[in-house]
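I opened the model to look up charged contacts and the metal site. My notes follow.

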Amino acid sequence: MDKQEEKTNQLLNPDEMFDALITKIKETCPGMDLGRIRAAYDMARLAHSGQLRKDGSPYVTHCVAAADITVDMGLDEDSIVSALLHDVIEDTNLTHDDIARQFGEAVADIVEGVTKLTRVQYTSKEDEQMENLRKMLMAMAKDIRVILIKIADRLHNMRTMAYQSADKQRSKSLETMEIYAPIAHRLGMQRAKWELEDLSLQYLDPAGYKEITTSLEAKMGDLERFMASMKEKIQTRLDAEGVKATIYCRIKHVYSIYRKMYAQKLDINGIFDLCAFRVIVDTIPDCYNVLGIIHDMFKPVPGRFKDYISTPKPNMYQSVHTTVIGSEGIPFEVQIRTWEMHYTAEYGIAAHWKYKMGSGATAVREGDEDKFAWVRRLLESQQESDAQDFFHNLKIDMFADEVFVFSPKGDVINLPAGATPIDFAYSIHSDVGNHMVGARVNGRIVTYDHVLQNGDIVEIRTSKNAPGPSRDWLNVAKSGSARTKIKQWYKKERREENVIRGREMLEDELKHNGLTLDDAQDEETIAPILKRLSFGTIEDLYAAIGYGGVTATRVANRIRDELRTKPDRKTALDKVSEAAERRENNAKKTGKPVHGILVEGLSNCLVKFSRCCTPVPGDDIVGFITRGQGVSIHRRDCTNCAQLMNQPENQGRWVGVSWAENITDSYVTTVTIASKDRSGLVMDIATVLNSLNAKVRSLTSRDTGAGLAVSTITLEVKSSGELRYIMGRLASIPGVSSVVRNGNK
Ligand code: MN
């Protein structure tokens, strides 16, 4: 028989498979709605029609096979329906809504959940990444049934891996060994775990696998005879003792032998306990009773007795294990457990749906912190309710305070729940965070405060010319480490800015206390404060306030206290009034500031800001006396202004103006962006402005033909410095060719 013929002969008939499945459901899961399950099959068959598996069989055979595994696992009706439909969102035109309409939200959500897991790409193969990947999958699943169906799906795919290319066999097997087998183990599903491991090993180390199976086959006759005689012996004795027990024996699974061979550097003849016996009884006292009998019959191997009944494994596994030496000198392991423990061991948490909770046989010790705390909590709260509801309420919350996302390279990054692109960037490297100019999640541009979800692929755009983190990031970052790194940056990179900002903050704070900066800068007052707070100079102190190393309130309080304790307190207060007087006099010379503008020689005159160049504090300005509308304020570099100045009739209408000190108001100004006309541009601009907390009044954009666009932003700023900063950020948006203020050439 040639290979082609062999494959043709193996073509599967989905209808026959489904009929067999229905028969199995009738036998093992009474009370299920068979019509609904058949409808799911019909939907899947229709949706996948024309699609083939690698073996040439209709694709839907895979769906039926996966559903069959969920029946073996003992899952509920929704799980079986979902398993039949598990690939329709990924591989056909059907949507979540299509499924929801016919089978309800629960099924649609499960299928969508399985789809999400299917789409996760495992590009990273580093060990430390695997644990994060496993956690991410668990956290993504939300409903435990999603994971269980994914395991069923993977199990069937591994069973039929022979038809895949060698590359795919290897990569899928590695993924199964590293991700899915450990998850099955964590969920206590021994049976699925073993099969996944053995199937993976077949492709990961074909020679090693072959070596073990060949030697096992050679020994099979002996092993079987040995097992039969031991079983008979034990059964007879237990019957005589009046203990009702069922005995199973088996050869250990290949991968467990393989691991032992490698760990102990032995060949298979050196592995003595190839066989395992299981004695299953009704009650816990019977377990210990049987243990006593076994130890009476055979010589126990010291150090091999383990009591997982009194101390269950984290995955809820319970049994007592012992290794004894048989009459022929061959050691073998005996596991003793109740039926309930047996189901739990075979099917893990899936067993709890099928096998209702008993009289506390699986009760776990209090305070035993482990990975299954969440399952236990649910089990405890659900003992009274119908087992049917069990899975509906079983949500995975074990990683509720963490979120797992991918870097573009496929590394899994673990962040606190609620984390943003800022946290992500700083978790990669401070340089990435400090040079961030944009972020994409799953290919779409997002704002910096976008909350990351499990499985998101996060991409950070950086630029050499990035202006560095904004202070608002401190409020947006969720992780302490990101905040620390942002503060460090401010401390290091922005000393000048920090000094100015710190000075302003302290001044504000002092104002609340009825004091001025002059009081703070007084050498007598400040020297002891600097010493106590360990700052060398007052600039250092301002810088520290600026980057948040010390609060302005704290310093202001110190200054106030210092002034109070001064013996010449009166003098200090006098200084306050002197300073006030000085300012008053200054103001008189030029008149009171109007809108933050001092006009030379004129007081209280009408002032308005020109629309052509929209000056803001810090700009070099000049005043133009208009007819009847007071003084119009222009930037000295305003093009309009230059024209006015050239006209002879305007001679003598110019007047010197300056910005008042301590301006706290915001000023409206306009900038124009020239760029390529590309989709998402306005979104990018809005994102940048939003991330800078800019007060935007309007943002318009229009294409000017030839693939170019012009955007106009009207916004409020406090200073020309702030405006320059914003313009710098806008200029780094891809496709932007220039950012100019209105009134410029
Ligand atoms: Mn599948």
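I began with Arg38, which counts as partly exposed at 36% relative accessibility. Here buried means under 20% relative accessible area, exposed over 50%, and partly exposed in between (1.4 Å probe, protein chains only). This is a predicted model, where local features need pLDDT of at least 70, side-chain atom pairs count only at pLDDT 80 or more, and totals for chains, interfaces and linings use all residues. Residues are numbered from 1 along each chain as its sequence is written, and side-chain values use heavy atoms, with hydrogens and water left out.

**Salt bridges**

I found 23 salt bridges in the structure (a side-chain nitrogen of Lys or Arg within 4 Å of a carboxyl oxygen of Asp or Glu). Arg38 pairs with Asp19 at 3.6 Å, N to O. Asp19 lies in helix α2 and Arg38 in helix α3, so the pair ties together parts 19 residues apart in sequence. I took helices (H or I, at least four residues) and strands (E, at least two) as DSSP runs, numbered from the N terminus.

Next I checked Glu77 and Arg36, whose side chains meet at 2.8 Å, N to O. Glu77 is in helix α5 and Arg36 in helix α3, 41 residues apart. Glu77 counts as buried, at 12% relative accessibility.

**Manganese site**

Which residues coordinate the manganese ion? I listed His62 (NE2), His86 (NE2), Asp87 (OD) and Asp153 (OD), at 2.1 to 2.2 Å. Donors are N, O and S atoms within 2.8 Å of the metal (3.2 Å for Na, K and Ca); water is not among the atoms, so sites may look incomplete. The donor spacing reads H-x23-H-D-x65-D. Both His62 and His86 are buried.
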